[in-house]
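Good morning, colleagues. Today I would like to take you through one part of a structure, and I ask that you keep the display in view as I speak.

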Amino acid sequence: MACTVGGILACGPTHSIVTPLDLVKCRNQVNPGLYKSVFSGWRTITRTEGFRGIFTGIGPTAIGYSMQGAGKYGFYEFFKYKYANWVGEEFAHNNRTLVYLTASASAEFIADILLCPMEALKVRMQTSIPPYAKTTGEGFKKLMAEEGVRGFYKGLVPLWSRQIPYTMVKFASFEATVEWLYKTFLTKPKNEYNKVEQLGVSFAGGYIAGVFCAIVSHPADVLVSKLNNMPKAANGQKQMTTGELIKSLGMRGLWNGLGPRIVMIGTLTGLQWLFYDTFKVAVGLPTSGSVEEPKKN
């Protein structure tokens with residue numbers, strides 16, 4: 001339960017903080033070259049939509065990623081414990097990266113079902129100019145009236161293809177990076193450092209993991225933005241499939257907006273692990289990462 005609450009606190013606020021960066025990234029993915037840079041995008045949006053405009057989509061972002069964080073972190077700790085018990089302590093230790101990968105993939109599969117409706121609404125609000133809706137409630141009612149429940153879940157498969165590899169890399173690379181930092185750059189065992197120092201390692205490990213996450217998941221992120229911005233096909237016309245969209249974008253189009261996303265995801269992931277571990281420390285749990293040798297019988 002504590003890890004579930006920690007996941008909400010880790011993901012909801014951090015994703016909300018980077019909404020202005022996410023807004024420019026999403027609009028440039030849908031309309032390449034719309035803004036020359038992040039700062040020019042913010043200036044243009046502020047001039048045409050007001051200061052509030054740079055926070056377009058913050059409502060569904062906060063709701064959706066809080067729900068996703070609950071599923072991601074809560075189920076990750078659950079599956080990691082369960083899978084380690086199933087295979088045995090020694091096997092789990094020797095093959096810990098495999099345990100991290102399978103546990104994180106299982107957790108993200110569930111978390112994305114929780115996230116998808118609000119992600120669809122967020123992308124629709126952020127990529128439409130003027131915005132699709134001014135508030136979360138208005139946008140929810142509008143999308144439901146236009147497309148029904150299907151409108152909220154039409155991007156689920158691309159979301160899984162973005163988020164499951166992302167989360168597998170996020171957790172496995174974080175665990176490996178923290179273990180590497182303690183073994184390579186720090187001279188004492190983890191338990192000999194105070195909590196503030198351990199939280200600094202959590203942030204550093206999270207930031208490094210975030211860079212890998214951004215690269216691995218970026219093409220699917222572009223597809224999610226495009227699919228959720230795509231208008232419903234007119235009567236008698238066929239809706240463009242994901243495969244057709246990939247072909248129309250080409251390799252270059254699938255990597256559009258990678259630079260801003262690396263900055264965003266690196267910062268985001270570092271802050272998420274910092275917030276998550278801060279909460280764990282506050283409730284008396286140890287910080288994440290770094291492993292001890294299993295006890296020999």
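Predicted model: local features only at pLDDT ≥ 70, side-chain atom pairs only at ≥ 80, totals over all residues.

Let me begin with the pair. In general terms, two packed helices are described by the angle between their axes and the distance between the axes. Here, helix 2 spans residues 19-30 and helix 6 spans residues 96-127. Their axes come within 9 Å of each other and cross at roughly 75 degrees. Helix 2 and helix 6 are therefore roughly perpendicular. On the side of helix 2, the contact is formed by Thr19, Asp22, Leu23, Cys26, Arg27 and Val30, and helix 6 contributes Lys122, Gln126 and Thr127. Sorted by class, this contact comprises three nonpolar, three polar and three charged residues.

Is cysteine 26 buried or exposed? With a relative accessible area of 1%, cysteine 26 is buried, since the cut-off for that term is under 20%. Setting aside residues up to four places away in sequence, cysteine 26 touches Lys122, Gln126, Thr127 and Ser225. Cysteine 26 also lies 9.8 Å from arginine 124, C-alpha to C-alpha, although 98 residues separate them in sequence.

Threonine 19, which also lies in helix 2, is likewise buried, with a relative accessible area of 1%. Which residues does threonine 19 contact, leaving aside its neighbours within four places in sequence? They are Ile54, Phe55, Thr56, Gly57, Ile58, Thr61 and Gln126.

Finally, I come to helix 3, residues 38-49. Helix 3 has 12 residues and reaches 16 Å from its first C-alpha to its last, close to the 16 Å expected at 1.5 Å a residue. Its buried residues are Val38, Ser40, Gly41 and Ile45. Viewed down the axis of helix 3, these buried residues fall within an arc of 160 degrees, so they line one face of the helix. As a general point, an α-helix has 3.6 residues a turn, so residues three or four places apart point the same way. On the other side of helix 3, Phe39, Arg43 and Arg47 are exposed.

What covers the buried residues of helix 3? The cover includes helix 2 and helix 11, residues 258-282. Helix 3 is followed by glycine 50, which has a positive phi, near 85 degrees.

Thank you for your attention.

Technical notes:
Residues numbered from 1 in each chain as written. Heavy atoms only, no water. Axes fitted to C-alpha atoms, helices over the stretch in contact; angles between N-to-C directions. Helix = DSSP H or I, 4+ residues; strand = E, 2+ residues; numbered from the N terminus. Parallel < 35°, antiparallel > 145°, perpendicular 65-115°, else oblique. Contact = heavy atoms within 4.5 Å. Nonpolar A, V, L, I, M, F, W, Y, C, P; charged D, E, K, R; others polar. Expected span 1.5 Å × (residues − 1). Buried < 20%, exposed > 50% of the residue type's maximum accessible area, 1.4 Å probe, protein only. Arc of directions from axis to C-beta.
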